[in-house]
Amino acid sequence: MNDSVVLDIKDLCKNYGSRAILRNINMQCRAGEVFGFLGPNGAGKTTTIKIVVGLLDKDSGDVQVCGKSLKTDFEGALRNIGAIVENPELYKFLSGMDNLKQFARMRGIDDINKINDVVRFVGMTNRINEKVKTYSLGMRQRLGVAQALLHDPKLLILDEPTNGLDPEGIHDLRNILKNLAHEKGICVVVSSHIMGEMEQLCDRVGIITNGTMVGTYTVDELINKNTGSLCTYEIKVDDAAKAAQLCGLDDKCCTVDSEKNILLCSITTENEQDSIADINSRICAGGVKLYTVARQDKRSLEDVFISLTHKTEGDGQIE
Amino acid sequence: MSRFFKLVHNEYTKIFKKGGTAAILILMTIVVIVFEILLCATAEKRDSSDGMAPAWSEENYNNFYNSIGHSNDAAKAHKLELLEYMKNNSLSTNTWGGNLLMVYVNHPYAQQEDFPKDEVARIKEYIAQDDWKGCYSYALENTDLPEDMRWEMNFRAEHNIKPQMNDHTDSLIDKIRGIQADTGGKGALTQSQKDKIAVYTYQLEHDITINVADYTISESVVENTWGAWTFSSGLIYVVAVAMMIFAGNIVANEYSQGTIKFLLVNPVKRWKILASKLFTVMTLAFVLLLIVFIFSGLCASLFIGANGQKAAWLTVTDGKVRESSALAFIIEQWLLQSITLFVLVTLAFSLSTFSRKSSVAIALSIVCIFVGNTITSLLAVFECDWGRFLLFANLDIRGIAAGESMFYRQSVGFAVFVLVEHMVVFIITAFDSFRRKSV
Ligand SMILES: Nc1ncnc2c1ncn2[C@@H]1O[C@H](COP(=O)(O)OP(=O)(O)OP(=O)(O)O)[C@@H](O)[C@H]1O
Ligand SMILES: [Mg+2]
């Protein structure tokens with residue numbers, strides 16, 4: 001049951017003028033999972049989400065939510081979605097409760113208990129009758145989540161929900177989202193470019209860069225991904241700058257910490273052993289003292305993310 | 001359908017819980033109240049005795065008495081006797097009897113025997129019985145009367161209008177006589193002159209003091225309930241200004257507050273959301289209009305009053321006079337004027353869907369009105385006839401109804417058509433732009 005596809009994006013394309021923002025995006029998100037939608041700035045995450053929730057028109061492709069296509073059954077598809085797109089900007093001059101009542105009316109919910117339940121769920125019971133303009137960012141974020149959950153959606157989409165949350169807020173939100181997905185069987189889609197969070201939160205991630213989908217992976221898959229990825233060695237020497245010249249790697253793959261005289265080398269995992277042996281011998285041959293060589297074991301999602309989305313051309317500028 | 005009214009409920013909640021709303025409504029109320037106070041204060045309140053014939057004036061008779069007494073009139077003695085009689089019976093010149101007797105007092109007689117003693121005696125009898133009809137027919141047959149008096153007496157006898165000097169029948173008869181005098185007798189009356197005479201005659205026969213149809217925009221009368229109430233329709237522009245602010249806000253605010261995203265992620269089609277906003281603005285405009293209408297009606301009837309006069313709305317079709325209630329006329333005038341309001345509100349509303357800032361939407365609609373008005377007046381000055389198809393040439397419908405159009409060949413029907421057509425275009429473009437808009 002948990003394997004049913006809730007959000008199905010097929011060959012989605014979007015242009016702004018002559019610029020292609022999304023090129024053939026394909027993505028499936030299932031019930032009961034937290035799906036991380038990752039990509040660097042300007043990759044097209046928000047654009048994709050806006051199309052899914054009907055804020056933006058697509059140029060081609062299809063989006064289905066619970067089997068209902070946005071094209072043919074807009075209201076049916078939207079009925080299954082709860083979303084926060086970008087910032088949780090609600091009506092500041094209304095109280096939290098009045099805001100929720102607005103959404104309840106639009107979604108045909110008459111039961112006040114339903115609203116109270118959601119408020120309790122996000123922990124806002126004590127402040128819900130105050131005006132939203134008196135809320136902190138985190139409280140607004142919670143109200144946004146409450147709004148998104150009001151109609152028991154099958155698909156919850158949050159665009160950068162941790163924006164502006166303190167560590168405790170992030171922690172709470174993480175628990176809320178995991179609970180929703182794992183206990184209630186909702187499909188939760190969260191976009192972000194903060195990898196640490198995603199690593200702890202998501203079951204699967206989809207990576208998008210520059211408008212194209214790189215792939216969809218489970219978190220474990222991604223971390224243990226071998227082919228074509230990089231690993232880092234920390235080399236302690238007496239003259240890091242000189243060692244960097246000697247090692248024979250391209251500038252991008254080695255970082256110099258001249259204070260501590262440490263050289264960080266990224267090398268491909270394919271013939272890892274040979275490469276590091278080669279580097280060692282080059283440094284020694286150049287007359288630099290080599291103290292220690294250590295492989296950094298812990299490969300985080302961040303490394304993988306950077307290696308997957310890193311652009312060698314264009315000098316790191318956003319396209 | 002019930003979902004639609006829930007959307008409308010949402011819009012009303014947003015309007016009434018927003019801070020600025022109270023300020024706008026209070027300001028509007030103040031303007032309306034000040035307007036009504038000024039109106040009621042300037043309306044000259046007529047004394048209730050004003051409409052009636054003035055009482056007997058001793059002084060007046062003494063003057064006549066003296067002037068005749070010092071003259072060397074042949075029939076002096078008879079005349080003085082007659083004045084004495086009038087004085088004793090309190091017959092003022094403002095009663096029909098007194099008025100008729102004064103004919104004898106003023107007539108120059110060559111000899112004392114010429115004074116028609118028997119005639120006067122008969123007339124005195126009629127007066128004593130208060131039989132004006134009999135008296136008139138007798139006098140018309142036997143007395144040498146001035147021509148205009150003769151005409152009036154004939155007219156009154158013919159239409160059974162009891163003479164009562166200095167009341168409204170007097171001025172109506174004057175008007176009819178005026179029209180007939182203009183044409184120099186019979187035969188040459190135009191259709192509109194005939195219609196006018198028909199209306200005046202109808203007023204006389206049915207004792208209707210006021211024909212509210214006379215209260216056009218160019219002839220504002222504020223000294224009675226109906227005139228003041230009709231005149232108050234100018235307040236529609238105050239409602240229009242307030243409503244243009246609401247209409248300019250209602251879509252653009254969602255953008256400037258950033259709430260548009262939350263509004264549109266709901267399982268409601270965009271056109272339904274926009275339709276609920278339009279419905280909200282229109283119903284709010286209508287309710288405000290109704291409140292102002294009733295309020296000004298109350299002010300007009302409580303503080304100005306009807307002065308005991310009877311009013312009706314008289315129109316002529318095919319030579320036949322049709323009577324409707326005065327209230328119907330006032331409502332019609334207000335409705336005509338409010339078409340303008342609804343057009344302006346629609347203009348502000350559609351601009352609101354185009355801009356992301358409410359202030360821009362409101363400022364733009366005001367600029368539109370000024371620029372549009374200027375261009376239209378220029379076209380009117382240069383006599384470009386197609387100017388009459390422009391929105392701004394047709395906004396002043398009451399003016400057009402009163403024959404004060406900027407262009408030749410404009411009629412109320414034409415103006416309403418142009419306005420409604422503009423409204424439809426505004427609404428269509430608003431829905432189209434809202435449907436396409438990327439958020
Ligand atoms: N209204 C617009 N007109 C033209 N281009 C736009 C518009 N909105 C977004 N873009 C472009 O679309 C691309 C994708 O933007 P998008 O907001 O989807 O990125 P993102 O992945 O959400 O980035 P971030 O992590 O910074 O939020 C960017 O290159 C952006 O410049
Ligand atoms: Mg974004």
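Let's start in the largest nonpolar core of this predicted model. It has 160 residues, and the ones touching the most other members are Val188(A), Val239(B), Met243(B) and Val345(B). In soluble globular proteins, nonpolar side chains tend to be buried together.

**Cores**

- Pick out Val239(B) and look at what surrounds it: leaving aside residues up to four places away in sequence, Val239(B) touches Met28(B), Ala285(B), Leu288(B), Leu289(B), Val292(B) and Leu341(B).
- Another core, of 15 residues, lies apart from the largest one, and its members include Ile127(B), Trp132(B), Tyr136(B) and Ala139(B).

**A closer look at Leu336(B)**

- You'll find Leu336(B) in helix H15 of chain B, which covers residues 326-354.
- Is Leu336(B) buried or exposed? Leu336(B) counts as buried because it has 20 C-beta neighbours inside 10 Å.
- Leu336(B) touches Ile397(B), Arg398(B) and Ala401(B), again not counting residues up to four places away in sequence.
- Take Ile397(B) from that list: Leu336(B) and Ile397(B) are 61 residues apart along the chain, yet 6.2 Å separates their C-alpha atoms.

**Chain B and its two domains**

- Where they meet, 28 residues of domain 1 of chain B are in contact with 20 residues of domain 2 of chain B.
- On the domain 1 side of that meeting, at least two residues each come from helix H2 (19-42), helix H11 (225-231), strand E2 (311-317), H15 and helix H17 (397-401) of chain B.
- E2(B) gives the most to this side, with five residues.
- By type, this side of domain 1 of chain B has 15 nonpolar, eight polar and five charged residues.

**Chain A on its own**

- Chain A has eleven helices and 14 strands, and its C-alpha trace spans about 80 × 45 × 40 Å along the principal axes.
- Of the 319 residues in chain A, 39% are buried.
- If you take contacts in chain A between residues at least 6 apart in sequence, 71% join residues at least 24 apart.
- Chain A is split into domain 1 (5-223) and domain 2 (230-298), with 43 Å between their centres, taken over C-alpha atoms.

**Where chain A meets chain B**

- The contact uses 26 residues from chain A and 23 residues from chain B.
- On the chain A side, helix H2 (74-78), strand E6 (81-84) and helix H3 (96-106) each supply at least two residues.
- Which element of chain A gives the most to this side? That's H3(A), with five residues.
- The chain A side divides into 14 nonpolar, five polar and seven charged residues.

**Around ligand 1**

- The shell around ligand 1 includes Tyr16(A), Asn41(A), Lys45(A), Thr46(A) and His193(A).
- Helix H1 of chain A (residues 45-52) provides the largest share of this shell, three residues.
- In the shell around ligand 1 there are three nonpolar residues, seven polar and one charged.

- The model scores ipTM 0.76 and pTM 0.81.
- Chain B has a mean pLDDT of 83, with 95% of its residues at 70 or more.
- Watch residues 46-53 of chain B, where the pLDDT is below 50; this stretch has 13 contacts in the model beyond near neighbours in sequence.
- Where pLDDT is low, the predicted coordinates should not be read in detail.

Technical notes: Residues are numbered from 1 along each chain as its sequence is written. Chains are lettered from A and ligands numbered from 1 in the order in which they are written. Two residues are in contact if their C-beta atoms, placed from the backbone, lie within 7 Å. Helices (H or I, at least four residues) and strands (E, at least two) are DSSP runs, numbered from the N terminus. Ala, Val, Leu, Ile, Met, Phe, Trp, Tyr, Cys and Pro count as nonpolar, Asp, Glu, Lys and Arg as charged, and the others, Gly among them, as polar. A residue is buried if 20 or more other C-beta atoms lie within 10 Å of its own, exposed if 12 or fewer, and partly exposed in between; C-beta atoms are placed from the backbone. pLDDT is the predictor's confidence in each residue, from 0 to 100. A residue is near a molecule or strand if its C-beta atom, placed from the backbone, lies within 6 Å of it. Domain bounds come from an automatic or database domain assignment. A nonpolar core is a set of buried Ala, Val, Leu, Ile, Met, Phe, Trp, Tyr and Cys residues joined through C-beta atoms within 7 Å.
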